[in-house]
Amino acid sequence: MEKRDCSAEEFFVQRKVLDELHLDEVAQKGTWSTKPTLGEQMKESLRCSVPRLKRAVLSWVPVLSWLPHYSFRENAIGDLISGCSVGIMHLPQGMAYALLASLRPVYGLYTSLFPVLVYFIFGTSRHISIGTFAVISIMIGSVTEKLGPDSNFMGNGTNGTVDYDRRDAFRVQVACSLTVLTGIFQILLGVVRFGFVVTYLSEPLVRGYTTGSACHVCISQLKYLFGVKPARFTGPLSLIYVIAATIITHFCGLTSKYSIDVVGEIPSGLKAPQAPDVTLFSDVIGDAFAVAIVGYAINISLGKTFGLKYGYKVDSNQELVALGLSNTVGGFFQCYSVTSSLSRSLVQESTGGKTQVAGVISSVIVLITILKIGSLFEDLPKAVLSTIVFVNLKGMFKQFMDVPTLWKTNKVDLLVWLVTFASTILLNLDLGLAVSIVFSILTVIFRTQLPRYSILGHVSGTDLYLDTDTYKEAKEIPGIKIFRSSTTIYYTNAEMYLEALQEKSGIEIGKLLTQKKKRDAKLKRTQEKEKKKAKKEAKKQNKAISHLSNGTFSNESEMNERRVSAGQKRQSQGNGVESLTETPTNGRVNWAYQHDVTVSDSDSDTGGHINTQASHSGDEEKATHSIILDISTTSFVDTVAVKTMKNIFRDFGEIELDVYLAGCQACVVEQLETAGFFSESIPKSRLFVTVHDAVLHILHKLGRGDCLLDLSCTTQM
């Protein structure tokens, strides 16, 4: 209930109502208590939502958060020098990488201009340089050549020349449509907070993929470097066919003399924005998604590196949006897909760049080139641009040194690197990426399906429990088996978990249950047989009594035989009880392996007994009576895992082995509760925070104080 000051008119109206309701004491206070009106509620919600709206705007448009506080004294000179240096790099790289995209060099200059300005507004990294990149350019080029091959643009004349103007115009449409669709994918992924998708691209995968892409780039530039025009091939094994055709052409003398190929006309001025051809979306949708993922992976890896180095946060989801907007807007201005470049980013950082103002300055350099001095580059040989590409590939080819390093450190990652590299070389960039991702995910699945299972032992004088096969200091606690899996227990490895538990603990649960059922069945048959005999004997005794009451007596020999028979019967029954109730002096017998009619299946924690197994020798003190399942590595459980756990508790409980859980994370406990895991047969008293707590509980329950003192000495210090 809120209180507000009321006007004079409202007050007298309200006063009249109060008088009628005999509430004069409230009216004399001069205030009126009411529920807030709809307008007041809207005003209050608006007042509360203004800070929230401000935070949202600043998160979506990061430039508004740092540009008003830009320090000219600290940053201006460094950003100016850095921007000029990066701008000069944009010119040759932009034109050279445009050739990789099978576009005219001027479109590389456009790509170095518009997307950089968009990223300045929406990006969160201060040091990366957005623009053309070799890997993305070659991915674009594979699509433009696939959809716009030379054979589709042959002239009508008898000489069969290619209409290059019409071909290049169509390839620009393909590149722009692909770029816009790539940007849309990135924006959508960023809006739904799907930035974590890049985590499925491991570092070995990315490095193997970029190395394979560098080989594609290298091969594609040979035609400019040597002035040859080999036949174009696309699809799987296209790299091999290019190479083979060039060798045959050279050694067969199919070419004689080549003129030097130059950049050609660079039109002055900027072109008006143009909508992409949406009819091409269906043809490039798969390639667009691949470009979106690869471009983002390269961008966020560089951004995170610089952010960690200089202590600022790079928002992965906002980077997706920023990169998507850069591509989408750039696609309307005849740009192709962009990402950050390692070489330019290192120059931007090393020359003193501290903010994205350096990117704006580099864009000014590119703009001046397009408007005024672009004609100076028209006679630049394409072989020079190819040389620039080769020089920039030096860092990627250095990644071949990953092979010996991974061989020493992690052979699974080495396998991912090699498969990625080989698939990228042989299956082209799009199929190579798909195969690489699938193979990388399969390695994760196989690792979870083939974990390491171990029996833990106690390290004397500590509360540590380590693998007994790895650490000699770890010794098993007599009667207690501590079992651990190295990974999460779920449906793909739940059955193997149960098998490994039986193998490591030496308890063949199926065999023991079968033996127990056979003994129980045999005992039941014996009891039924004895019961029938007892009934028959009772009948005979009743008959004898009836004969005595009727005055009919048998001879003395029959009476003696009856006495002897009854005595033998009582003696045999007495011996049977002794054999069933005979217990050793130490501990309590595990009745799962004894002929006993009173087998206890209680799960309570009272009793303090030690169970033994028939497979062990007569030393019950060392026989297994408790099993602790260390599931500290489990991060989630599914229905199959829960069912497997229930079966373990049930089956081991039937042979009187106590099972405990240790190291459960809070989320796992909640999932177990939701799945109905805990019950009267599996109480929560079987759940412990650590393995050490479970061990201390078991020893305390068994009354083994000497062992208890030895294990708990660390916690008592």
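A polar contact, as I use the term today, is a pair of N or O atoms within 3.5 Å, where one must be able to donate a hydrogen and the other to accept it. Please bear in mind that the model is predicted.

I begin with Asp638. This residue sits in the loop between β9 (626–630) and α23 (639–654). From there, the Asp638 side chain reaches the backbone nitrogen of Ala641 at 2.9 Å. Apart from neighbours within four places in sequence, Asp638 is in contact with Tyr490 and Tyr491. What of a charged partner? Asp638 is buried and has no salt bridge. The nearest side chain of opposite charge is that of Lys643, 11 Å away.

I turn now to the annotated spans. The unreviewed UniProt entry marks seven stretches as "transmembrane region", among them 97–122 and 414–446. In the model, residues 97–122 are 77% helix and 0% strand, with end C-alpha atoms 25 Å apart. Residues 414–446 are 100% helix and 0% strand, and there the end C-alpha atoms lie 15 Å apart.

Finally, the cysteines. How many disulfides does the model contain? The count is zero, the cut-off being 2.5 Å between cysteine sulfur atoms. As for burial, Cys218 counts as buried at 17% relative accessibility, whereas Cys667, at 31%, counts as partly exposed.

Notes
Residues are numbered from 1 along each chain as its sequence is written. This is a predicted model: local features need pLDDT of at least 70, side-chain atom pairs count only at pLDDT 80 or more; totals for chains, interfaces and linings use all residues. Side-chain values use heavy atoms; hydrogens and water are left out. Helices (H or I, at least four residues) and strands (E, at least two) are DSSP runs, numbered from the N terminus. Buried means under 20% relative accessible area, exposed over 50%, partly exposed in between (1.4 Å probe, protein chains only). Lys and Arg count as positive and Asp and Glu as negative; His and the chain ends are not counted. A salt bridge is a side-chain nitrogen of Lys or Arg within 4 Å of a carboxyl oxygen of Asp or Glu. Contact means heavy atoms within 4.5 Å. UniProt positions are given in the numbering used here, feature names are shortened, and annotations may be inferred rather than shown by experiment.
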